[in-house]
Amino acid sequence: MGVLRFSFGTMGSGKSTLALQIHHNLRSCGQRGLLLTRLDRDGAQVSSRLGVSAAAIDVQPDDDLFELVRSHRPLDYLVCDEAQFYSAGQVDQLARAVDELGIDVFAFGLITDFRGLLFEGTKRLLEMADEKVAMQVEARCWCGARAISNARLVNGHIVYEGDVVVVGDTATEEVTASPLFGDAVTYELLCRRHYLAGATWPGR
Ligand SMILES: [Zn+2]
């Protein structure tokens with residue numbers, strides 16, 4: 001019996017690092033698995049901010065993940081980074097691979113986007129996963145409180161609307177279009193109070 005486990009947290013909570021660690025550990029004990037990502041900072045690989053990286057399959061929007069698993073059999077597990085960017089349908093395909101093909105799926109993702117709303121893949125994973133695990137490394141706001149938001153700043157000012165996926169400094173989010181071309185898009189971890197107040201780091 002396979003298991004679908006979803007580990008979630010803010011940016012800076014060590015998701016990619018843990019994804020790489022699990023992949024390494026399982027492979028070391030002879031298990032056969034694949035590392036998947038979507039829109040990683042550095043392309044078709046999973047990269048940790050701590051400097052570790054590994055080649056990965058870059059999942060495309062119309063990829064059928066059940067078929068991907070089936071075509072790579074025999075397979076024991078999948079490690080899926082950036083799973084917040086998967087579609088709800090792709091999450092269902094992962095669940096089906098667990099149930100029908102008996103593999104384990106370890107998915108990692110951000111909880112909410114810059115608007116404070118659940119990402120599509122995250123929402124579906126919270127609905128479908130057998131195990132839901134909150135990452136234990138807590139990212140912090142500039143004030144020292146626990147960060148709950150990955151706020152988007154355009155030219156230094158916090159914004160609450162816009163396309164969900166836009167490339168930016170320190171972001172795991174990447175480009176699909178350039179509606180903000182010419183503007184500087186950055187992201188900043190904020191606690192709830194400072195996110196709602198729009199109060200970014202005062203040293204800016
Ligand atoms: Zn704060």
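Modeller: A residue is termed buried under 20% relative accessible area, exposed over 50% and partly exposed in between, with a 1.4 Å probe and protein chains only. The model is predicted, so local features need pLDDT of at least 70 and side-chain atom pairs count only at pLDDT 80 or more, whereas totals for chains, interfaces and linings use all residues. Residues are numbered from 1 along each chain as its sequence is written, and side-chain values use heavy atoms, with hydrogens and water left out.

Biologist: Is Cys191 buried or exposed, and how do you know?

Modeller: Its relative accessible area is 5%, and the cut-off for buried is under 20%; Cys191 is therefore buried. Cys141 is likewise buried, at 5%.

Biologist: What makes residues donors to the zinc ion, and which are they?

Modeller: Donors are N, O and S atoms within 2.8 Å of the metal (3.2 Å for Na, K and Ca); water is not among the atoms, so sites may look incomplete. Cys141 (SG), Cys143 (SG), Cys191 (SG) and His194 (ND1) coordinate the zinc ion at 2.1 to 2.4 Å. Their spacing in sequence is C-x1-C-x47-C-x2-H. Cys141 is in the loop between strand 8 (131-134) and strand 9 (149-154), and Cys191 in the loop between strand 11 (185-190) and helix 5 (192-197), so the pair ties together parts 50 residues apart in sequence. Helices (H or I, at least four residues) and strands (E, at least two) are DSSP runs, numbered from the N terminus.

Biologist: What is the arrangement of the 4 donor atoms called, and why?

Modeller: Four donors count as tetrahedral if all angles lie between 85 and 135 degrees. The angles here are 100 to 114 degrees, so the arrangement is tetrahedral.

Biologist: How do you know whether the span of helix 1 agrees with its number of residues?

Modeller: The expected span is 1.5 Å times one less than the number of residues. For the 14 residues of helix 1 (residues 15-28) that gives 20 Å, and the end C-alpha atoms are 20 Å apart, which agrees.

Biologist: Where around the axis of helix 1 do its buried residues lie?

Modeller: The buried residues are Lys15, Ser16, Ala19, Leu20, Ile22, His23 and Leu26. They cover an arc (that of the directions from the helix axis to the C-beta atoms) of only 160 degrees, which puts them on the same side of helix 1.

Biologist: Why is a set of residues called a nonpolar core?

Modeller: The term denotes buried Ala, Val, Leu, Ile, Met, Phe, Trp, Tyr and Cys residues joined through side-chain atoms within 4.5 Å. The largest such core has 25 residues, and Leu36, Leu78, Cys80, Tyr86 and Val105 have the most contacts inside it. Helix 3 supplies the largest share, 5 residues.

How values were computed. Tetrahedral: all angles 85-135°; square planar, octahedral: opposite > 155°, others 65-115°.
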